[in-house]
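Open the model in your viewer and keep the sequence panel beside it. The tour goes from one selection to the next and says what is there.

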Amino acid sequence: AGGVERNAGGELAVDGIPVSALKEQFGTPLFVMSESDFRARARAFKDAFDDAFADICGGVDVYYAGKSFLCTAVAAWVADEGLRLDTCSGGELAVAARAGIDGANLSLHGNNKSDAEINRALDMNLGRIVVDSLDELERVAKIAAGRGETAKVMLRLTPGVHAHTHEFIATAHEDQKFGLSMAEDSTAEAGLSAAEEAVAAATSYASVELLGLHCHIGSQIFEPDGFALAAEKLLSFLAAVQAKYSITLPELDLGGGYGIAYTPVDTPRPAADIAKAMAAVVRSKCAELGITAPRISIEPGRAIVGSSTFTLYEVGTLKTVRVDAPAAGSGESAEKNVTHPRRYVSVDGGMSDNARPVLYDADYSAILASRTSAAAPQLSRVVGKHCESGDIVVRDVYLPEDVAAGDLLAVPGTGAYCWALSSNYNYLARPGVVAVRDGSPRLIVRGETEEDLLNRDMGA
Ligand code: LLP
């Protein structure tokens, strides 16, 4: 169920609904999400980690990272599948509230939470506020004390592990805005690390209940090694402060960052493998330290929503230019005085609905969605309609050479950090999001209209 496949007419269809029907009903550009795919990935993650950690801490709490994509429908699916929700702003909390998510199943992140956000978290009785700095710890303690309440707090630490895709750096310097440094600070009183200072302070505030520790080592990570090393470092620290301050920290959150395949060169390890590798390390480290394992939680975003969605665009103008250097992957060699064709295929969206190629040099692929074609494949570059030459959707992709205006293209893997990062650059309306389930499409976020765009303009 929830499959995306060609129908008998050669048209791409989601759960049996052809893309032309989606275009007809909702227009383009359009984010097309398979609800069953989203739910299946959410469940798979929860099951894989629950299984791997069952004997260690009775399972894992999975907080879906709302920053990757959030609306009330998705928040409701998440709760429905037994996951919790990680938010990082008052706005995301508002979505969670509207979706009726129980505060106990919510967490709040952020390196600069406002007093209003902290108050909102307390109003909603949040399961955890992930505190990012000593300053913030003091503010949370004060606000909670003023309300005569206790704030449930996790401390975000920087374990000195930074990972991206298949590589990680074990001695990443801590010169970044997030988290409490675990490195001992010789200038601080008693030479304590910021992390330990925070533990000591949190333990001393009557208005703070210190639940445990948190870290997040990066994003789009394919291998378990970085997660495992971070887990070891945090467990060692946890054991040390438990002993020194005579406390018990019942929870440990290992963050998100599980990678997905955007193009065929991406080969992330399956969630079950990563979970098993992490569990093995947690099991042996706790045994070595002689501590009871804390309850483990994780915060995947991209790995749940990323592949559930494709963006549907309509092709407009096309042109072919001749360039000196052959495109990557074209197999052509760069001979002097030889030019190579490059075809530009313009679509009706671009960097306003997918900023990732511009921001991170991210790779995507594209396929002709509205029909099949027997025409020869031609190396093409899919570009948006924005007034910027860097407005590229897919840098190099083979598309049939008869692709023409009016054809529909699908760009897969756009569920995470695309709609979420979308903008109104050049006064383009942000696209809507359609969820397909059991063969029927439902608009879960309406696309903007020209009226929406002019609404906040206060007039001449
Ligand atoms: N937890 C924390 C504390 C985070 O900062 C993040 C992502 C996540 C969980 C979820 O990470 P995920 O599992 O989705 O990788 N805009 C960038 C990604 C930024 C990620 C920021 N933090 C991109 O489009 O690649």
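Start by selecting Gly 447, which has 18 other C-beta atoms within 10 Å and therefore counts as partly exposed. This is a predicted model. Gly 447 sits in the loop that joins S24 to helix H12 (450–455). Show its contacts next: leaving out residues up to four places away in sequence, Gly 447 touches Gly 27, Ala 429, Arg 430, Pro 431 and Gly 432. Then draw a distance from Gly 447 to Gly 406, which is 41 residues away along the chain; their C-alpha atoms are 20 Å apart.

**The two domains**

Colour the chain by domain. Domain 1 takes in 4–34 + 307–455, and domain 2 takes in 59–300. Over C-alpha atoms, the centres of domain 1 and domain 2 are separated by 35 Å. Now select the contacts between them: 15 residues of domain 1 meet 8 residues of domain 2. On the domain 1 side, strand S23 (432–437) and strand S24 (440–445) each give at least two of the touching residues. What classes of residue make up that side of domain 1? Colouring by class shows 10 nonpolar, 4 polar and 1 charged residues there.

**The ligand and its shell**

Select the ligand and the 21 residues around it; Ala 65, Gly 256, Gly 301, Arg 302 and Tyr 417 come nearest. By class, this shell consists of 7 nonpolar, 9 polar and 5 charged residues. Highlight strand S14 (218–221), helix H10 (302–305) and helix H11 (356–360), each of which supplies at least two residues of the shell. With the domain colours still on, look at where the shell comes from: domain 1 and domain 2 each contribute at least three residues to it.

**Lys 67**

Go to Lys 67, in the loop between strand S5 (60–65) and helix H3 (72–80). An unreviewed UniProt entry annotates Lys 67 as "modified residue: N6-(pyridoxal phosphate)lysine". Is Lys 67 buried or exposed? It has 20 C-beta neighbours inside 10 Å, so Lys 67 counts as buried. Its contacts, not counting residues up to four places away in sequence, are Cys 88, Gly 301 and Ala 420. Gly 301 is also listed among the residues that come nearest to the ligand.

**Cys 387**

Move to the loop between strand S20 (377–383) and strand S21 (392–400), where Cys 387 lies. The unreviewed UniProt entry gives Cys 387 the annotation "active site". Cys 387 has 8 other C-beta atoms within 10 Å and so is exposed.

**Helix H5**

End with helix H5 (residues 115–123), and show the side chains of its buried residues: Glu 117, Ile 118, Ala 121 and Leu 122. Turn the view to look down the axis of H5: the buried residues fall within an arc of 140°, so they line one face of the helix. The face turned away from that buried side carries Asp 115 and Ala 116, which are exposed. The last stop is Asn 125, which follows H5 and has a positive phi, near 60°.

How values were computed. Residues numbered from 1 in each chain as written. Predicted model: local features only at pLDDT ≥ 70, side-chain atom pairs only at ≥ 80, totals over all residues. Buried ≥ 20, exposed ≤ 12 C-beta atoms within 10 Å, placed from the backbone. Helix = DSSP H or I, 4+ residues; strand = E, 2+ residues; numbered from the N terminus. Arc of directions from axis to C-beta. UniProt positions renumbered as here; feature names shortened; annotations may be inferred. Contact = placed C-beta atoms within 7 Å. Near = placed C-beta within 6 Å. Nonpolar A, V, L, I, M, F, W, Y, C, P; charged D, E, K, R; others polar. Domains from an automatic or database assignment.
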